[in-house]
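Please find my notes on this model below.

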Amino acid sequence: IKKIQVYDAHADQSKFTGFDDGQMIRTINIVTRRKFKGLFGRPSIAIGSRAANLKTPLYRIAGKAFLYGPDKQISFIAKADNTRGSRVGKSHGSTYGLNYRNKVGQKSKVTASYTLNKNAGNQSSKSWRQDLYTNDTVFNKNSVRGSWNSQVNHKFTLDWETKFDSTNELYIRPRYSFGSDHSTNGSTTTIDSAYLDNVVHKNKTENSGRSDGSQHNFSVATTY
């Protein structure tokens, strides 16, 4: 790598009109040596546990890889972990990303990227309540609740830039994203009464539910 440039660039419309509308885009430009070709990356792994033993291990895995050439650049990132939960729930997630950049002919360049995010988790809880009455009657209420949720999101971007001459340029930037969400929940509640050694089951209630959803978003911006 020859140098790395980080700067705030103007939006497409400002570049063409010369009018500063105040909209800036944080830009990172990695300049490689003219004849440089190479592959490099960095992996990392962490393992632990909230308890003294490793019966419920926690992990965090991440990796990055970059392939550079004079005109072409390919990068890949990935990470996964199960450290997002709590004592009443468990969750895990992962993220994957791929970026491609290349020069097309003498006047055009293309940049494409894909990102995948996945998250899933469950929660559970238990409760017990006891009511005492003056006639020595006892009411016990036991409740068990649980839920599960899963989310998956995909995102695709494409940037096509063509510079015909010093005064004519064309930018085409399509965007597409797709997401899905699935969740389930359930609960069970039992109530019984006790008088001396006599236990009577009064009531039992069970509830369950499920929801599924998805969304699509597409947009394309062109500037000439």
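1. A salt bridge is taken here as a side-chain nitrogen of Lys or Arg within 4 Å of a carboxyl oxygen of Asp or Glu. The structure is a predicted model, in which local features need pLDDT of at least 70 and side-chain atom pairs count only at pLDDT 80 or more, while totals for chains, interfaces and linings use all residues. Residues are numbered from 1 along each chain as its sequence is written, and side-chain values use heavy atoms, with hydrogens and water left out.

2. By the salt-bridge rule the count comes to seven. One of them joins Arg-173 to Asp-159, with the closest N and O atoms 3.3 Å apart. This pair links distant parts of the chain, since Arg-173 sits in strand 9 (residues 169-195) and Asp-159 in strand 8 (residues 137-163), 14 residues apart. Strands are DSSP runs of E of at least two residues and helices are runs of H or I of at least four, both numbered from the N terminus.

3. Are the two partners buried or exposed? Arg-173 is buried, at a relative accessible area of 16%, and Asp-159 also counts as buried, at 17%. The cut-offs are under 20% relative accessible area for buried and over 50% for exposed, with partly exposed in between (1.4 Å probe, protein chains only).

4. Arg-173 also meets the side chain of Glu-161 in a salt bridge, again at 3.3 Å from N to O. Glu-161 lies in strand 8 and Arg-173 in strand 9, so this pair ties together parts that are twelve residues apart in sequence. Asp-159, Glu-161 and Arg-173 belong to a network of salt bridges that also includes Lys-109 and Arg-175.

5. Another salt bridge is formed by the side chains of Arg-210 and Asp-212, at 3.0 Å from N to O. Arg-210 counts as exposed at 59% relative accessibility, and Asp-212 as partly exposed at 48%.

6. Asn-82 deserves a separate point. Asn-82 lies in the loop between strand 5 (73-81) and strand 6 (89-104) and is buried, with a relative accessible area of 17%. Its side chain reaches the backbone oxygen of Pro-57 at 3.1 Å and the backbone nitrogen of Tyr-59 at 2.7 Å. Leaving aside neighbours within four places in sequence, Asn-82 is in contact (heavy atoms within 4.5 Å) with Pro-57, Leu-58, Tyr-59, Ser-91 and His-92.

7. On the overall fold, the protein chain has one helix and ten strands, in the pattern β-α-β-β-β-β-β-β-β-β-β along the sequence. Eight strands form an open sheet in the order 3-4-5-6-7-8-9-10, with antiparallel pairing. Strand 3 (38-49) and strand 10 (198-223) stand at the edges with a single partner strand each, so one side of each is left without a neighbour in the sheet. Two strands are taken as paired if DSSP finds at least two bridges between them.

8. Strand 3 pairs with strand 4 (residues 57-68) in the antiparallel sense over twelve bridges. Within this pairing, Ser-44 stands opposite Ala-62 in strand 4.

9. For the chain totals, 23% of the 224 residues count as buried. Among contacts between residues at least 6 apart in sequence, 54% join residues at least 24 apart. The accessible surface comes to about 16100 Å², of which 54% belongs to carbon and sulfur atoms; the areas come from the Shrake-Rupley method with a 1.4 Å probe, and for residues only the protein chains shown count as cover.

How values were computed: Polar contact = N/O pair within 3.5 Å; in protein donor to acceptor, adjacent residues only side chain to side chain.
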